[in-house]
Amino acid sequence: MPAVSKGDGMRGLAVFISDIRNCKSKEAEIKRINKELANIRSKFKGDKALDGYSKKKYVCKLLFIFLLGHDIDFGHMEAVNLLSSNKYTEKQIGYLFISVLVNSNSELIRLINNAIKNDLSSRNPTFMCLALHCIANVGSREMAEAFAGEIPRILVAGDTMDSVKQSAALCLLRLYKASPDLVLMGEWTSRVVHLLNDQHMGVVTAAISLITCLSQKNPDEFKTCVSLAVSRLSRIVSSASTDLQDYTYYFVPAPWLSCKLLRLLQCYPPPEDGAVKGRLVECLETILNKAQEPPKSKKVQHSNAKNAILFEAISLIIHYDSEPNLLVRACNQLGQFLQHRETNLRYLALESMCTLASSEFSHEAVKTHIETVINALKTERDVSVRQRAADLLYAMCDRSNAKQIVAEMLSYLETADYSIREEMVLKVAILAEKYAVDYSWYVDTILNLIRIAGDYVSEEVWYRVIQIVINRDDVQGYAAKTVFEALQAPACHENMVKVGGYILGEFGNLIAGDPRSSPLVQFNLLHSKFHLCSVPTRALLLSAYIKFINLFPETKATIQEVLRSDSQIRNSDVELQQRAVEYLKLSSIASTDVLATVLEEMPPFPERESSILAKLKKKKGPGVVPVSELEDGKREGGELNGGGDRGPDSAMSASNASTPSPSADLLGLRSAAPVSAAAPSAGSLLVDVFSESGAGGPAAAVNDDGFLRFVCKNNGVLFENQLLQIGIKSEYRQNLGRMYLFYGNKTSVQFASFSTTVSYPGELQSQLNVQTKPVEPLVEGGAQVQQVLNIECITDFSEAPQLNIKFRYGGALQNITLKLPVTINKFFQPTEMAATDFFQRWKQLSQPQQEAQKIFKANHGMDTEVLKAKLLGLGTALLENVDPNPENYVCAGVVQTKSQQVGVLLRLEPNAQAQPGVQMYRLTLRSSKDTVSKRLCDLLAEQF
Amino acid sequence: MIGGLFIYNHKGEVLISRVYRDDIGRNAVDAFRVNVIHARQQVRSPVTNIARTSFFHVKRSNIWLAAVTKQNVNAAMVFEFLYKMCDVMTAYFSKISEENIKNNFVLIYELLDEILDFGYPQNSESGALKTFITQQGIKSQHHSKDEQSQITSQVTGQIGWRREGIKYRRNELFLDVLESVNLLMSPQGQVLSAHVSGRVVMKSYLSGMPECKFGMNDKIVIDKQQGKGATSDDSAKSGKQSIAIDDCTFHQCVRLSKFDSERSISFIPPDGDYELMRYRTTKDIILPFRVIPLVREVGRTKLEVKVVIKSNFKASLLAQKIEVRIPTPLNTSGVQVICMKGKAKYKASDNAIVWKIKRMAGMKESQISAEIELLPTNEKKKWTRPPISMNFEVPFAPSGLKVRYLKVFESKLNYSDHDVIKWVRYIGRSGIYETRC
């Protein structure tokens, strides 16, 4: 309760509240409240009008009850009545009730708005303030709609009291934040800016919050505020601490206002006007100077206020990033704070320095504090400060101090907090890579990293090492040696084993000369770790073993022995088992030449942005560390090393697949689609060896190919995956067709609730009619069911109907959608005609829209017989001896639909020597209907 | 099994805390307080699971009794135990209140040690407990070895609820049939649900080790007797009087094997107060009162309510403590009541009109009419019209249960069935007796 005048004590309210507080149980409290509510209801209902005092008292009680968590559904009217009272306390309670309990009841809102409007237009400043506070407290859209126009007027009116202006500015800010679209800019905006010159500091403080918010959205409109803000700032800064009596806080003149001004300036670029800029620089210098002065008070408030201004000034300096002098001074000032007693100050100093480090002017200055920062990293008690120190070290690192910083970070990593370890690891990895002059140093660093914090080394980090080692010839031998040594530790991290396995598998031969690291020793070392590793690592090790067989034929027997052991060849993990089986087979069947080709050294990775950097960015979110700057730095030193997003494991298989090597399915078995895609094309001896296991079956994604394959073909396999095979057989006569679909269950388990539906995308519904007979809902394991589709072509069409297949396999619902290979050309009737007839008709169809032409590259060889077969399969008649050029093909046919018949003439002109090595076709189609020509042309262009 | 037992006052302060198993820590005490006693939303379920710990609570006035366990116990068992525990405490210091619990905390801990062992409930018969847990100090030298061994043999023996060698000058027996009748009726007078839950409570002051036999008008027993050759006239008469018992439970003293085979209730009674059986019936219930409500809404701000109650039992009997509770809408601003009999008052704290009648004979009717003024509210929340509830007490059993006999045999001592003075009383009370309006 606010201070109340005499006789305003509201004893009843006090008694009620104390009653409630004395209640022993919830039930008792509810009873008391019920009783009170009934009392208030009877009072409000009563015939004689209540006086303002009791009205206020009861509204207060209702408010209290509401705040206790009970529903209040009456009394709003009385509260609204209070608004029109002339007594401050009554009005205040009324507004309080409205602010807390407002609901969008149309009737009341109108009354409330009316009362608010009255108060706003009254001359009484306290009433105006109350009304403004109510608007701001509610802050709803309705309020904004009603008063967004009114408040700016009050704000800029000449005769408004200062306190009201203050409230109006904050109220407008609130409305703008809640619903920015309703607060319209207008001529008042320019006058708001001039509030910065107001005599009253409170008004300026309130106005500046508003201006900052507004100028962030539309900077241009408020451009003029910069010079005003600068002059205001300079007045404050240059004033003695006694000048601004009420606004001096512990000897600091107007600290809040100064901070806000500095923050406002941060919304704009440095002022172009020389005078203004000079004044601003002067101000900033004064602030920096003041920081050096001995404190006027020992109170913490004094230093807090002073430092707040200082930090705000420094961020402005950083924002401008154009005054080397100031930047260096700021940096020195922060350097002092780095050793301050106050933890918060150290934190802020480290944080600001992080941004300073990215400026070219102050980078050197920041670097001078390296010792202090390293010290902070080691000795700081607060983890968040240590984190900032790590950030700063990362930011200040460059070629000159990289070794030191990386070494320090590595040594810190051993004791670092778990929460920041992963980030630290990423940073070390990035710095080591970016500033590596000597790659042996890089390899050492990363291996150390894995040794110290193996659990926090993400996949990306060790992928990266391998990419770099593979791309740099000079470091491979060293890497192999170091890895070999590292693996000799009795306990090493799994990531180390991965790196070790990979590098020894690739470059083990480089150190095999030394008897201490002879091939067998290397193998035994790797194999000693095998049993402690997870499945993916084991898989990688198996690949390393097969590479060993290639590199060192003398180990073949030993490794084959290992592969043949039951624990490999009968491993319960399919992946491991398959690798073991295949590698064993490969090593025993293939000749050394084949082996050497298959197991060739990995080709270099393509240069790309480091994936670690991407990971760090993702981890930190934008704007925490100037990563972008770092990235630029990396581009500068771009020759450094290669990159690649792919992990080496997948990269291994992918790169092998791109070289025509039959081992494509060896290294990434079942892991990715490219394997199966590559397998058939690689069609050489080894595919046969592995055919029974290698054929994983094409994935569902290939269906589009399947669709196109059927343009010139009526029978075949439409779709196949691990579970299901769909065969197709179709026949067409005139505008009718019949299609047989054979669903084969490839598993031994039955499919339940098997169902198929045909859907028509686009306009197809009216163009094509497909009738299906439902299939049996159960498909037994290994069984095949047949479905017949009757197709009727009503008019020409371009889309294909879709077949959706749903079934339950082992509890999981499978859903497959396929395009049914029903195309317009299926309804062709071949027409034989002589050359003269053909050319006559050809000429008849000479309108531009009747012709469709396409020139395209040949996808397949230009084999005459194949081409002829395809054209016949299309359904047209192939006309011999029509075209004067015997190379060309000419066809004719009629597309039969229910509504009409469309004659089609086709001409295909192959050009075997269009360009060296490229074969081109020109396909021309003429028909009496433009859509038909177009569709047929599109379909056929994919076929040759 | 029960891991611990806590007693709290209304503020959630712990009065008694007894932990039986290690898996219950002190934090369980706080968990219950925070999540149940001080919960923002009133917790209505008697079983609460907090962090894999189950809390079973019962509330007696302002006192909370909570049994805690981490295991999957039989909830019915735990509640049975808690009720027994309340009975035992009542037997020792009458009312369960914060003050009584504080004054008797040593006794309560002693009791808790006795009736729960490692979380397993033990003999909780207050009669038996009173023989060795007394509220006075025990002078051990006065306790002879005999006496101690007697207690032991009794407590561990076959008849744990009665000790030997009890002697009374007057052999007396009190039998109360206490029933509570529950009803939900539609405004049109259709019975939506009705059942009677009854108890047979006895107080026996008998010497020696008497064998008692209790007979009532159980339908199965009566039918069996008819089969044995009663006349058709008889059967019609007795058939009318017999009742069908849906389910029943007995005090541990009743020989269940005999009940199963012959459906006769025979037992050696404990000394003093005990509950012989509990039962429930749902058929042919005599509803002592009929409530006829009439509610009329006159405009938005007025409500007229008229309620008639009719007593529906023998005119010679008198019902007592009749109370009718008519709920009023939440926006009631004033009430005028007129009633022919008794006193009626609007109780704002309960949002109801309470009409009280001290006595009312059978086959009578009485009426109340009230005008309720309402305050127009902003929200058009419809009043849900909660049912009108009623409380009363009648001197008969609404289920129709009749005690046919209660025989006492004591072969060793020289008193016979005729020498025992027997008192039988029927009390029918209202349970949840509601009529929708």
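How many helices and strands are there in chain B?

1. Start with the fold of chain B. This is a predicted model. Chain B has nine helices and 23 strands.

2. Next, look inside chain B. The chain has 437 residues, and 44% of them count as buried. Take the contacts in chain B with a separation of 6 or more: 71% of them come from residues 24 or more positions apart.

3. Chain B exposes about 23,400 Å². Carbon and sulfur atoms supply 49% of that area.

4. Turn to the interface. Chain B brings 23 residues to the contact, and chain A brings 20 residues. About 1,700 Å² is buried between the two chains. Carbon and sulfur atoms give 46% of this buried area.

5. Check the charged pairs. Two salt bridges are counted between chain B and chain A. A:Lys31 forms a salt bridge with B:Asp350. Their closest N and O atoms are 3.8 Å apart. The cut-off for such a pair is 4 Å, so this one counts.

6. Polar contacts come next. Six residue pairs are in polar contact across the interface of chain B and chain A, with both residues at pLDDT 80 or more.

7. Where does the chain B side come from? Strands β17 (332-339) and β20 (365-374) of chain B are the elements that give two or more residues to the side touching chain A. The residues on that side divide into eleven polar, six nonpolar and six charged.

Technical notes
Residues numbered from 1 in each chain as written. Chains lettered and ligands numbered in written order. Predicted model: local features only at pLDDT ≥ 70, side-chain atom pairs only at ≥ 80, totals over all residues. Heavy atoms only, no water. Contact = heavy atoms within 4.5 Å. Buried area = accessible area lost by both parts, 1.4 Å probe. Salt bridge = Lys/Arg side-chain N within 4 Å of Asp/Glu carboxyl O. Polar contact = N/O pair within 3.5 Å; in protein donor to acceptor, adjacent residues only side chain to side chain. Helix = DSSP H or I, 4+ residues; strand = E, 2+ residues; numbered from the N terminus. Nonpolar A, V, L, I, M, F, W, Y, C, P; charged D, E, K, R; others polar. Buried < 20%, exposed > 50% of the residue type's maximum accessible area, 1.4 Å probe, protein only. Areas by Shrake-Rupley, 256 points an atom, 1.4 Å probe, with all protein chains shown as cover.
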